[in-house]
Amino acid sequence: MTSFGIWGIIPPLLTIILAFVTKDVIVSLFLGILSGTLIVAGGNPVLAVMNLTDALARSLADGWNIRIFLFCGLLGGLVGMLSRTGAAGAFGRWASSKLKTGKGSQMMSFIFGIIIFIDDYFNSLTVGTIMRPICDKTKVSRAKLAYILDSTAAPVCIIAPISSWVVTVMSIVKGSEGFDAMGMTPFEFFIRSIPYNLYALGTLILVFTLIMTGRDFGPMKKSEELAKTGKLYNEQKYGPVAGEVEDNMNEKAKPVDMLFPILFLIAAALIFFPVTTWKNAVDGKTITSFSQAVHSIGLGDAFKDTDASVALFYAIIFTIVATYIYYIARGLLKLSTAGEALRDGIKSMIPALIILAMAWTIGGIIKSAPADGGLGLGTYLSGLVVKGNFPLMFIPAIVFALSALISFATGTSWGTFGIMIPLVMPIAVGLAQAKGFDQGALVNISMICTAGVVGGAVFGDHASPISDTTILSSTGASCPHLEHVATQMPYAVFVAVCSLAGFVAGGLSMNMITAWIAFLAVLVLGLIFLPKTVKTE
């Protein structure tokens with residue numbers, strides 16, 4: 001038996017329904033996994049729970065997964081130390097002396113959001129703390145600042161090679177049925193798929209365009225007009241501000257203290273990507289030394305063939321140690337407060353780590369054959385779609401819309417990644433193989449479909465009122481939460497419509513350039529007509 005047939009659809013379907021109803025992704029994923037193990041166990045609840053714990057343990061016993069798990073936790077610890085030092089405030093005070101106009105303060109907020117890419121929570125709160133007084137002084141509405149914060153959180157984290165978001169997607173893609181047909185490493189797959197991520201890149205394009213042209217529309221236009229009169233947020237209409245994050249003042253802190261851990265992490269990762277490949281190539285037979293490996297494998301191939309989980313784990317360990325020593329030597333942290341900040345940062349990642357482990361587990365149950373304790377759903381759906389001659393051209397747009405709906409309802413991207421990618425990858429690969437596509441075309445359609453899932457998931461995280469980054473962006477900007485949601489929604493939906501047009505065109509042509517032409521055409525038309533037609537209320 002290769003699969004449990006239609007029964008295999010129950011775990012992901014149940015997870016989606018429960019996520020809509022409960023708004024609790026962790027519980028929904030757990031019950032989805034339990035339903036899968038119940039099917040495999042023939043309805044025996046005791047055996048099902050035992051199988052569930054075994055499946056969870058297997059997902060964390062995998063070498064790739066446990067390194068990614070630890071990387072995410074330690075990344076939270078790094079952010080915790082950085083937050084405690086007051087370095088962000090020092091950086092902001094330095095920047096404030098350079099900015100005199102609203103356009104300048106918006107652009108600086110945008111640039112900071114791109115620079116601080118290692119964590120979406122840290123991005124929203126830190127950039128908000130830095131830029132809020134500057135934007136207030138230059139009469140930029142709190143709603144506009146919140147929109148810039150939110151738009152440079154998830155959309156930036158998902159295209160930055162060194163972030164918890166990216167390693168999560170890589171790990172789920174790696175474990176999905178059909179990925180072996182790509183003939184590349186998860187890291188290479190990610191790097192090559194960046195241009196396909198229409199929603200994330202499109203969001204950044206829109207933010208930049210609005211800052212440079214001032215062509216705001218909808219409720220945001222009204223908020224910006226009020227800000228010019230000195231009314232930075234509309235408490236009468238939208239209620240009180242969502243909260244305010246106080247700057248950790250530290251007279252010893254300097255702007256370079258904020259950049260040090262970020263730049264060190266980037267540099268360490270760039271070094272360890274090829275070093276990991278060279279180190280792993282030493283087998284004691286054909287290659288007997290590290291220097292021989294360096295001469296045998298070119299730098300480009302070493303980057304391409306790297307084990308990203310190993311390289312990033314090395315990078316975060318060295319960065320934690322270097323940052324710990326640096327902050328203590330600078331007098332920004334003491335031994336006791338440094339350890340406390342590290343622990344607090346790791347604690348902040350626990351909900352995300354639970355979702356990640358659950359996503360791996362449900363993905364494994366969906367993917368694995370019955371002989372290995374799984375449902376074989378990927379094999380079943382792939383065969384069903386191939387036999388039904390389903391049009392491959394519509395899959396990217398369909399998965400984008402479905403992922404956007406799931407993520408918007410649940411307020412999280414990570415759970416959507418774990419549910420949708422293991423379903424979409426085998427379908428895309430199976431259809432491409434059935435239609436006789438060559439390797440290049442197979443990789444192309446797989447990347448478009450995966451980008452559809454990722455883009456849709458990021459839209460939900462970006463736009464949903466219950467998304468943690470949406471809430472934290474309101475908090476970081478000290479903007480009424482409802483004002484942030486109301487002013488951001490037209491922009492997020494606009495980029496989603498542009499992305500949907502791009503995925504339709506990309507699916508029809510199987511070409512990324514065509515997808516971007518369609519996206520940009522809709523974007524330009526919208527920016528011409530929407531400021532004239534969309535009401536400010």
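Guide: Let's start with a definition: the expected span of a helix is 1.5 Å times one less than its number of residues. Helices (H or I, at least four residues) and strands (E, at least two) are DSSP runs, numbered from the N terminus. The model is predicted, so local features need pLDDT of at least 70 and side-chain atom pairs count only at pLDDT 80 or more, while totals for chains, interfaces and linings use all residues. Residues are numbered from 1 along each chain as its sequence is written, and side-chain values use heavy atoms, leaving out hydrogens and water.

Visitor: How do you know that the length of helix α18 agrees with what it should span?

Guide: Helix α18 (residues 308-329) has 22 residues, so at 1.5 Å a residue it should span 32 Å; its end C-alpha atoms lie 31 Å apart, which agrees. After α18 comes G331, with a positive phi near 80 degrees.

Visitor: Where is confidence lowest and where is it highest?

Guide: Confidence here is pLDDT, the predictor's score for each residue, from 0 to 100. Helix α21 (residues 377-387) is lowest, with a mean of 67, and helix α12 (residues 198-213) is highest, at 95. The protein chain averages 84, and 93% of the residues score at least 70. Where pLDDT is low, the predicted coordinates should not be read in detail.

Visitor: Why are α6 and α8 called roughly parallel?

Guide: Axes are lines fitted to C-alpha atoms, for helices over the stretch in contact, and angles run from 0 to 180 degrees between N-to-C directions. Under 35 degrees counts as roughly parallel, over 145 as roughly antiparallel, 65 to 115 as roughly perpendicular and the rest as oblique. Helix α6 (residues 102-115) and helix α8 (residues 142-151) pack at about 25 degrees, with axes 9 Å apart, and are therefore roughly parallel to each other. Their contact (heavy atoms within 4.5 Å) is made by Q106, S109 and F110 of α6 and K144, L145 and I148 of α8.

Visitor: What makes α6 and α12 roughly parallel or roughly antiparallel?

Guide: Their angle is about 165 degrees, with the axes 9 Å apart, and α6 and α12 are therefore roughly antiparallel to each other. On the α6 side, the contact uses K103, Q106, M107 and F110; on the α12 side, L204, V207, F208, I211 and M212.

Visitor: And what about α24 and α26: roughly parallel or roughly antiparallel?

Guide: The axes of helix α24 (residues 439-463) and helix α26 (residues 481-509) come within 10 Å and cross at roughly 170 degrees. These helices are therefore roughly antiparallel to each other. Among the contact residues are I448 and F459 of α24 and M489 and F503 of α26.

Visitor: Which residues does A518 touch?

Guide: A518, found in helix α27 (residues 512-533), touches A501, G502 and A505, not counting residues up to four places away in sequence. The C-alpha atoms of A518 and F503 are separated by 8.6 Å, and these residues are 15 residues apart along the chain.
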